[in-house]
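Have the model open beside you as you read.

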Amino acid sequence: MIDIPCGATLSSVCPPCAEAKRQLRIDQCRTGWHLEQEPDFTPDPATEEQRLLVQLRSQAQKSLDDSDDSEATEWEEAISEINAELAATGIRGRLGVERAARRVRSTRRRQDASELPKRPVSARTIGKVYEGTSGKKFRPSMFLTLTLDSYGRVTKDGTPVEPGAYDYQRAARDAIHFARLVDRFVQNLRRFVGFDVQYFAAVEPQRRLAPHLHMAIRGTISRAELREVVAATYHQVWWPSTDEPVYVDQLPEWHEGIGAYVNAETGEILPTWDQALDEIGPDDEPSHVARFGRQFDAQGVLAGTKDANRAIGYLAKYLTKNVDQCHEAATDDQREHVSRLVEALRYEPCSPTCANWLRYGVQPKNARPSLHPGACRGKAHKPTHLGYGGRRVLVSRKWSGKTLTDHKTDRKNWVTEVLGIEPQKPATGRYSFEYVSRDDASLKPLTVRLMHRIAERVSWRAQLDTARNGPRPSADVSATAGRSA
């Protein structure tokens with residue numbers, strides 16, 4: 001029996017697994033931050049198995065196109081099985097997924113946003129090399145911090161000076177759409193500076209609970225250019241209006257026969273999500289516009305310096321904590337501030353499928369029974385996330401040229417190389433595995449298994465230290481040698 005790590009990313013669930021995940025992210029950040037050569041993205045040549053599966057899939061697709069309705073289901077199932085086998089071989093890309101038609105909106109810039117010049121984006125991802133007066137060459141990078149706008153004056157502990165005047169609604173909406181705003185910033189930055197900017201970023205809350213971004217950028221960009229991009233970046237949310245609720249006391253009901261939500265009093269079918277979007281005319285304003293605040297911080301960082309190590313540690317500082325655990329509410333004012341924000345998020349729609357749309361007279365996308373406004377299960381509504389439902393770590397595709405799995409494999413290969421043993425290959429086809437039931441009589445108690453794992457880890461650490469530093473002299477030998485000297 002082998003105890004498998006749970007792989008949790010939160011220290012409140014499993015501290016050892018969370019710390020292992022954090023160290024993996026630190027390696028990923030350090031590897032790609034100061035690259036001196038472009039990462040190689042040349043795909044591996046296709047194997048014979050992959051070529052065969054692709055041929056079978058093309059034949060099955062042709063048969064599906066030529067088949068009638070009675071045979072279509074069988075060919076669709078066959079294609080799904082082939083897609084699964086292709087995915088198991090490690091092929092990249094999505095198979096069998098049709099993209100829905102994209103709704104087009106006007107791309108004209110807002111009058112209240114500054115212009116943003118665009119340059120042709122080159123394929124370069126590494127930073128420029130600079131030469132000092134002494135002839136020494138160096139390739140610096142940057143550490144950038146972006147924050148959201150102000151919603152009212154706050155004290156040093158992050159609580160509002162005047163809670164009644166604090167704009168909790170805008171704070172909630174900005175937190176929900178913060179991930180899209182970051183994507184828009186990266187797009188604008190690449191078009192403005194003219195090269196494929198690569199980044200490793202982490203999202204965490206400020207003391208006032210608004211999310212902000214710490215970003216390691218490969219290469220350097222002037223502060224003046226960053227200031228222009230930040231000022232010109234915004235994200236427009238083209239959703240139905242949520243300023244005034246339509247249903248408060250008598251909520252819409254699910255009609256089983258129609259398969260849709262209807263007005264409980266009149267029986268009128270609520271407009272679908274697509275119908276509600278169609279009602280937004282070209283002269284209408286977006287329901288919300290998210291922007292960054294004017295304040296930002298940008299620092300130049302050199303590879304291998306204390307500043308670089310400090311910045312990497314800061315990026316990974318809160319990765320093992322929930323958003324609400326980054327700054328613990330210790331006072332009554334702080335707890336009240338959290339409660340007000342959570343209450344503002346309660347009825348704020350977080351996505352097109354959010355149940356809160358029923359409160360505003362719109363059927364959520366892919367509506368289903370048992371939806372209830374104020375009880376959406378989306379991450380943004382959970383008190384542990386404080387409105388931010390995106391990923392905590394944002395990494396560009398060309399950051400290090402490797403996936404997290406590749407970085408994990410590199411760490412394993414380094415250990416086996418130091419120990420001087422052959423790396424173990426995956427046991428595919430030779431063994432079968434199954435989970436052990438808790439009622440299994442041969443399963444040892446958890447405390448015993450944990451002690452065995454601790455002893456095993458201590459032994460591994462001793463072997464690794466010995467392989468790296470050589471055998472250490474015993475205490476008696478070192479004491480005798482000291483007296484002889």
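The paragraphs below cover the cores and then the ring pairs.

A word on the source: this is a predicted model, in which local features need pLDDT of at least 70 and side-chain atom pairs count only at pLDDT 80 or more, while totals for chains, interfaces and linings use all residues. Residues are numbered from 1 along each chain as its sequence is written, and side-chain values use heavy atoms, leaving out hydrogens and water.

Start inside. A nonpolar core here is a set of buried Ala, Val, Leu, Ile, Met, Phe, Trp, Tyr and Cys residues joined through side-chain atoms within 4.5 Å; buried means under 20% relative accessible area, exposed over 50% and partly exposed in between, with a 1.4 Å probe and protein chains only. The largest core has 56 residues, and Leu144, Phe185, Leu189, Leu213 and Met215 touch the most other members. Helix H5 (residues 178–193) gives this core its largest share, 8 residues; helices are DSSP runs of H or I with at least four residues, strands are E runs of at least two, and both are numbered from the N terminus. A second, separate core of 16 residues includes Ile26 and Trp399.

Now look at the rings. Rings of Phe, Tyr and Trp (its six-membered ring) pair if their centres lie within 6.5 Å, with planes under 30 degrees apart counted as stacked, over 60 as edge-to-face and the rest as tilted. There are 11 aromatic pairs by this rule. In one of them, Trp239 and Trp273 sit edge-to-face, 6.2 Å centre to centre with 75 degrees between the planes. Both Trp239 and Trp273 are buried.
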